[in-house]
Amino acid sequence: MIIAERKPMEEIKQAMAPYKKVLVAGCGTCVAVCWAGGEKEVEILASQLRLARSAEGNEIVTLEATVERQCEKEMVEELKDKVAEVEAVLSLACGSGVQTMAELFEDKPVFPAVNTTFIGMPEKEGLWVEMCGACGDCFLDRTGGICPIVRCAKGLLNGPCGGTRKGGKCEIDPEKDCAWVLIYRRLEKQGRLDLMREYYSPKNFRAVKRPGRIQAAKA
Amino acid sequence: MNGCIVAFCCEHSAYPAADLAGKLRLHYPENLRVIRVPCAGRVDVIHILKALEKGAAAVLVLGCEDGACHHITGNTRAKERVKYCNMLLKEVQVDGRPVAMFNLSPNAPHKFVSAVNEITKIIKESGR
Amino acid sequence: MATPFREILKTKGFVVTAEAGPVKGSNVSKAIEHIELLKDKVDGLNVTDNQSSVMRYPSLGICLLIKEHGGEPVLQVTCRDRNRLAIQADLLFAYSRGINNVLCLTGDSIDVGDHKEAKQVFDLDSVQLIHLVHTLNSGKDMAGNELDGGIDFCIGTTATPSADPLEPQLIKVEKKLKAGVSFIQTQAIYELDELKRFTEFVRNRDEKVKILAGIVPVIGAKMAAYMNENVPGIFIPQYLIDELAQAPKGTGVSKGIEIAARMIKQIKEEKICDGVHIMFIGREEKVPEILEAAGLL
């Protein structure tokens, strides 16, 4: 799923400074799961803003709402009455949700309250790690199910680089595993090291031409 | 709520302790608002924040002693939440009012009273 | 004029290369000093390419200067800063100006350098880069178009014999050998048994490629310990650290040179590999001392 992280409080406060009445809008899907922008996070952020502004002597009124998916027009439309009442929207959704909000309510400034970071999963409770680079040309079957595009710090197809640290950690960050060592171990377990011995020619980086656009075949 | 100390009291420990303190006529400040909860773990971050929004001078969360929680981990969770809450308040520089957790057993009215008095002292010293 | 490096590789018994590191700025006077100092003492002079991801005067620029001063340059190309178009274009230019030796590297990550917010390119990796040079050598570009005026580079690459774990590295070395390289310059070596094992591995797969052991003098016990901890792919054995620790204060550099020279002598005498690649960045003016102490001058 999409992993996001709440922006630094200073940035959010500064963004909200000119406004006296805002809608704090959450999303119940990805950002809720990674504790960045779900209903709970909306409640807390709104309360923090109210407390902060009250202490400054510059009260802010916050409306709160969380839709199931902020990237779905039909769901976001349900917020139109609340949006009409406010000067601006503080969206805790990922970039997709923020933009859907902004598109539906073009006359209202929409501020992102989180930084959308990557596609990933929880390695353990509270720890999210990047898994997929959305490269549009998946070859996970050849690397034992470990993506070198994002899990290798340099995105190498014929890794590892010469910088692997002792014990198989990444040159850049000793906390992170060298993806190619992980791939080696996984393929070794499966008796498929021949896949790692193969030469992988340069990647097609234009498999997805940004901005991506996919038209489904079915009606 | 203005100026009070809001005390979320676990019904298995702090609430009976508070009750006993009352029966024994132990002295504690009048501006205490006791809120009975089935477990300290029932108290969520938003409850603490809202109590402060409503004007509480401090918020206490009182639960069972370590290892004695009727819901096993309620008191541990409460402790983490209080810690998290303090971090959230610090983030917006609204950390002048104390938010704290205390552990006690149901037959410890003096502990209840001393917790309240300790917080009252902190409030006085910070000039609120 | 210097003898072409590819000829030296074929004919000379013990090949010696060294490295010159460009400065940050357009002032090439120091580079020219180093070139003049080293060009006749080594068989090839490498120039690093934004080494450690620190922006510097380009490898290509210093290589041109080496050529102008009658030396034999080895152009280093990393995959970090340029995409496949830029790399191909650079190689065409380099060749047209008489530079025809290239060392193909992956490149350090942006994070270790001084422009930490830059975009990392890595359009290619080092193995793909080797294939790319072969493609250009054959008269076509990567997209299959015929070249009007081709190139003919002598291709080299790097390897890390002290990697831990070693097996994944060796798989990559094998891919590089299959792609076809004329020379390998290894990362710094301090343990000759590791070098022997590595050389054996390579020889079993390619009898022709020349292996040049990387020599990086260590000038103090603290530096050695630091490198062991922080520099990936380096392993300095305890007995060397002890030897450095026992050196009298102020003699660190000469001790480091002594140890380096001793290693080079042993590699040459025991014919462990085909030569050495000396890297003493920031102290290029000391390289002749190492060569002298090793009996190579």
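**A close look at C:Leu105**

Modeller: Happy to! Leaving aside residues up to four places away in sequence, C:Leu105 touches C:Gln76, C:Val77, C:Thr78, C:Ser126 and C:Thr158. Please keep in mind that this is a predicted model.

Where does C:Leu105 lie in chain C? Its place is the loop between β4 (101–104) and α5 (126–137) of chain C. Is C:Leu105 buried or exposed? Counting gives 23 other C-beta atoms within 10 Å of C:Leu105. A residue is called buried when that count is 20 or more, so C:Leu105 is buried. Sequence and space tell separate stories here: C:Leu105 and C:Thr157 are 52 residues apart in sequence, yet their C-alpha atoms are 6.2 Å apart in space.

Now follow the chain to α5(C), the helix at the end of that loop. Two packed helices are described by the angle between their axes and the distance between the axes. For α4 (residues 84–96) of chain C and α5(C), the angle is about 50° and the axes are 11 Å apart. That angle makes α4(C) oblique to α5(C). The crossing in which α4(C) passes α5(C) is right-handed. On the α4(C) side, C:Arg84, C:Ile87, C:Gln88 and C:Leu91 take part, and they meet C:Leu132, C:Val133 and C:Leu136 in α5(C). Sorted by class, this contact has five nonpolar residues, one polar and one charged.

The helix α5(C) also leads us out of its own chain. In the contact between chains A and C, 27 residues come from chain C and 27 residues from chain A. On the side of chain C that touches chain A, the elements giving two or more residues are α5 and α6 (167–179) of chain C. Of these, α6(C) gives the most, with eight residues. That side of chain C divides into eight nonpolar, nine polar and 10 charged residues.

How many pairs of chains touch, and which has the most contacts? Two pairs touch, and the most contacts are between chains A and C. Chains B and C share no contact, and their closest C-alpha atoms lie 26 Å apart.

Chain B does meet chain A, through 11 residues from chain B and nine residues from chain A. On the chain B side, α2 (45–53) and α3 (74–91) are the elements that each give two or more residues. The largest share, six residues, comes from α2(B). By class, this side of chain B has seven nonpolar, one polar and three charged residues.

To finish, here is how α2(B) sits against chain A. Its axis and that of α3 (residues 39–56) of chain A come within 10 Å and cross at roughly 20°. Angles under 35 degrees count as roughly parallel, and α3(A) and α2(B) are therefore roughly parallel to each other. This crossing of α3(A) past α2(B) is left-handed. From α3(A), the residues taking part are A:Glu43, A:Ile44, A:Ser47, A:Arg50 and A:Leu51, and they meet B:Val45, B:Ile46, B:Leu49, B:Lys50, B:Leu52 and B:Glu53 in α2(B). Together, the residues of this helix contact divide into six nonpolar, one polar and four charged.

Terms used
Residues numbered from 1 in each chain as written. Chains lettered and ligands numbered in written order. Predicted model: local features only at pLDDT ≥ 70, side-chain atom pairs only at ≥ 80, totals over all residues. Contact = placed C-beta atoms within 7 Å. Helix = DSSP H or I, 4+ residues; strand = E, 2+ residues; numbered from the N terminus. Nonpolar A, V, L, I, M, F, W, Y, C, P; charged D, E, K, R; others polar. Buried ≥ 20, exposed ≤ 12 C-beta atoms within 10 Å, placed from the backbone. Axes fitted to C-alpha atoms, helices over the stretch in contact; angles between N-to-C directions. Parallel < 35°, antiparallel > 145°, perpendicular 65-115°, else oblique. Left-handed = near helix turned anticlockwise from the far one by under 90°.
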